[in-house]
Amino acid sequence: MLEHILNLGTFLFCIGIFGLITSRNMVRALMCLELIFNAVNINLVTFSNFFDSSQIKGEIFSIFIIAIAAAEATIGLAIVLAIYRNRKSTRIDQFNLLKW
């Protein structure tokens with residue numbers, strides 16, 4: 001059972017990394033970053049339950065990661081909306097707003 005869950009986490013992590021590297025859209029890149037966070041959460045909870053099921057350290061860390069991911073998504077989408085208002089595009093390769 002442990003191998004199956006870790007394979008799921010690895011699969012989600014690889015999809016997230018591949019999507020983050022190859023995406024040209026900022027919203028898609030944020031979604032892939034969320035996939036990476038969810039893969040890490042799956043692995044934390046799995047290892048926490050496998051090694052010591054009486055303590056909930058992995059679950060607490062995953063709650064912190066979920067809170068950080070929610071804040072990251074909020075700030076990231078706000079930045080994307082601000083860039084879209086100015087540039088009328090959300091493509092990463094056309095993004096040069098912060099250059100000097």
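Helices here are DSSP runs of H or I with at least four residues, numbered from the N terminus. With that in hand, methionine 1 falls in the segment before H1. What you're looking at is a predicted model, and its secondary structure comes to three helices and zero strands. Going along the sequence, the pattern reads α-α-α. The protein has a radius of gyration of 17 Å, well over the 13 Å that the globule rule gives for 100 residues, so it is more spread out than a compact globule.

**Overall build**

- Along its principal axes, the C-alpha trace spans about 50 × 25 × 20 Å.
- As for burial, 25% of the protein's 100 residues count as buried.
- The protein exposes about 7,300 Å², and carbon and sulfur atoms supply 70% of that area.
- Take the contacts with a separation of 6 or more: residues 24 or more positions apart account for 56% of them.

**The start of the chain**

- Methionine 1, in the segment before H1, has a relative accessible area of 70%. Exposed means over 50%, so methionine 1 counts as exposed.
- Methionine 1 and alanine 78 sit 77 residues apart in sequence, and their C-alpha atoms are 40 Å apart in space.

**A nonpolar patch on the surface**

- Which residues form the nonpolar patch on the surface? They are Phe13, Ile17, Ile21 and Val40, and together they have about 330 Å² of accessible area.
- Helix H1, which covers residues 2-22, gives the patch its largest share, with three residues.
- Isoleucine 17 has its place in helix H1. Its relative accessibility is 33%, so isoleucine 17 counts as partly exposed.

**Threonine 46, tucked into H2**

- Threonine 46 belongs to helix H2, which runs over residues 26-51.
- Is threonine 46 buried or exposed? It is buried, with a relative accessible area of 10%; the cut-off for buried is under 20%.
- If you leave aside neighbours within four places in sequence, threonine 46 is in contact with Leu2, Ile5 and Leu6.

**The phenylalanines of H2**

- How many aromatic pairs does a search of the whole structure find? There are two aromatic pairs.
- One of them joins phenylalanine 47 and phenylalanine 51: this pair is stacked, at 5.9 Å centre to centre and with 10 degrees between the planes.
- Phenylalanine 47 and phenylalanine 51 are four residues apart in helix H2, so about one helical turn separates them.
- Phenylalanine 50 and phenylalanine 51 have ring centres 5.2 Å apart, with planes at 70 degrees, so that pair is edge-to-face.
- Put together, ring pairs link Phe47, Phe50 and Phe51 into a cluster.

Conventions:
Residues are numbered from 1 along each chain as its sequence is written. This is a predicted model: local features need pLDDT of at least 70, side-chain atom pairs count only at pLDDT 80 or more; totals for chains, interfaces and linings use all residues. Side-chain values use heavy atoms; hydrogens and water are left out. Patches are made of residues with over 30% relative accessible area and no salt bridge: like charges are joined within 9 Å, nonpolar side chains (Val, Leu, Ile, Met, Phe, Trp, Tyr) within 5 Å. Accessible areas come from the Shrake-Rupley method with a 1.4 Å probe; for residues, only the protein chains shown count as cover. A salt bridge is a side-chain nitrogen of Lys or Arg within 4 Å of a carboxyl oxygen of Asp or Glu. Helices (H or I, at least four residues) and strands (E, at least two) are DSSP runs, numbered from the N terminus. Buried means under 20% relative accessible area, exposed over 50%, partly exposed in between (1.4 Å probe, protein chains only). The radius of gyration is taken over C-alpha atoms; the globule rule is 2.2 Å times the number of residues to the power 0.38. Contact means heavy atoms within 4.5 Å. Rings of Phe, Tyr and Trp (its six-membered ring) pair if their centres lie within 6.5 Å; planes under 30 degrees apart count as stacked, over 60 as edge-to-face and the rest as tilted.
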